[in-house]
Amino acid sequence: MDGNVNIQAPEYGKDIRVHSIETFGTHDGPGIRLVVFVQGCQFRCLYCQNPDTLELKGGTEYKIQELVKKALRQKDFFGHNGGVTVSGGEPLLQRHALVPFFKELHYHGIHTCLDSNGRVLDTDAKELLAETDILLLDVKHINNDWHKKLTGVENINPLKIAAYREESQKPMWLRYVLVPGWSDQEEYLHEWAQHFKDYKMVEKVEIIPFHQLGKHKWELLNMKYELSETEAPSEELLQKTKAIFSLYLDNVQIK
């Protein structure tokens with residue numbers, strides 16, 4: 001594709017509210033990626049690394065054209081596997097603007113990833129998922145009560161989005177944050193993996209060890225950090241979790 005930005009009004013006139021942008025990211029999808037962390041999230045995860053992304057009206061507004069140009073400047077470094085990942089916050093809250101953004105990236109031959117908690121599934125979300133080459137889906141707990149304790153919301157929508165993605169026959173990676181005392185119960189680890197064992201579109205499962213690296217941000221925002229006494233999972237617990245998931249799922253990795 002040529003280097004011109006193919007933005008068309010009025011559909012492509014929407015702004016995207018952005019918290020921060022990472023160039024040459026290697027942890028949010030395959031290859032080297034431009035990672036756009038959007039602002040706003042309705043989850044209230046106890047271990048959130050970036051509580052400053054939660055406020056819906058925070059961040060900086062970017063025109064889609066600006067973000068496309070940033071991606072085009074980095075395109076030569078993407079290689080065969082890289083591209084653009086939109087993370088958060090929760091990207092689905094800005095699905096109306098992300099649809100034309102992803103369409104424009106595809107016009108220029110750029111691979112797209114969406115890193116989501118699975119907050120909402122409606123017509124616009126489905127349109128965005130159709131433009132998403134790989135969905136990175138966080139399913140934070142299989143037990144609804146524990147999911148609510150961890151995040152403040154139910155797990156119904158994340159599971160619906162996983163099922164919809166499978167039905168759509170489009171690739172996804174599943175992500176699971178392992179928090180000692182909160183998401184490490186053996187029976188629920190089995191249940192989580194069993195839930196997805198027949199899914200054909202799950203390319204990878206990533207176990208993400210809990211850490212307290214975001215604790216200082218909670219303190220700066222005068223927010224109570226509930227997990228101040230929770231330690232990172234031991235290597236033994238990580239390997240145990242990987243072994244349980246691997247009973248049912250392929251390509252399980254510890255990040």
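This is a predicted model: local features need pLDDT of at least 70, side-chain atom pairs count only at pLDDT 80 or more; totals for chains, interfaces and linings use all residues.

Colleague: Which residue in S5 does Thr85 stand opposite?

Modeller: That's Cys113.

Colleague: And what holds paired strands together in general?

Modeller: Backbone hydrogen bonds, with the strands of a sheet pairing either parallel or antiparallel.

Colleague: OK, zoom out. How many strands are in the open sheet, and in what order?

Modeller: There are 9, ordered S3-S1-S2-S4-S5-S6-S7-S8-S9, and the pairing is mixed. Strand S3 (60–63) and strand S9 (252–254) sit at the edges with a single partner strand each, so one side of each has no neighbour in the sheet. From one strand to the next, the twist averages 30 degrees.

Colleague: Switching topic: where is Gln185?

Modeller: Gln185 is in the loop between strand S7 (172–178) and helix H6 (186–196).

Colleague: Is Gln185 buried or exposed?

Modeller: Buried: its relative accessibility is 14%, and the cut-off for buried is under 20%.

Colleague: So what does the Gln185 side chain reach in the backbone?

Modeller: The backbone oxygen of Trp182, at 3.2 Å.

Colleague: Which side chain makes a polar contact with the one of Gln185?

Modeller: His141's, and that polar contact is 3.0 Å.

Colleague: What else is Gln185 in contact with, leaving aside neighbours within four places in sequence?

Modeller: With those left aside, Gln185 is in contact with Trp146 as well as His141.

Conventions: Residues are numbered from 1 along each chain as its sequence is written. Side-chain values use heavy atoms; hydrogens and water are left out. Helices (H or I, at least four residues) and strands (E, at least two) are DSSP runs, numbered from the N terminus. Buried means under 20% relative accessible area, exposed over 50%, partly exposed in between (1.4 Å probe, protein chains only). A polar contact is a pair of N or O atoms within 3.5 Å; within protein, one must be able to donate a hydrogen and the other to accept it, and residues adjacent in sequence count only if both atoms are side-chain atoms. Contact means heavy atoms within 4.5 Å. Two strands pair if DSSP finds at least two bridges between them. Axes are lines fitted to C-alpha atoms, for helices over the stretch in contact, and angles run from 0 to 180 degrees between N-to-C directions.
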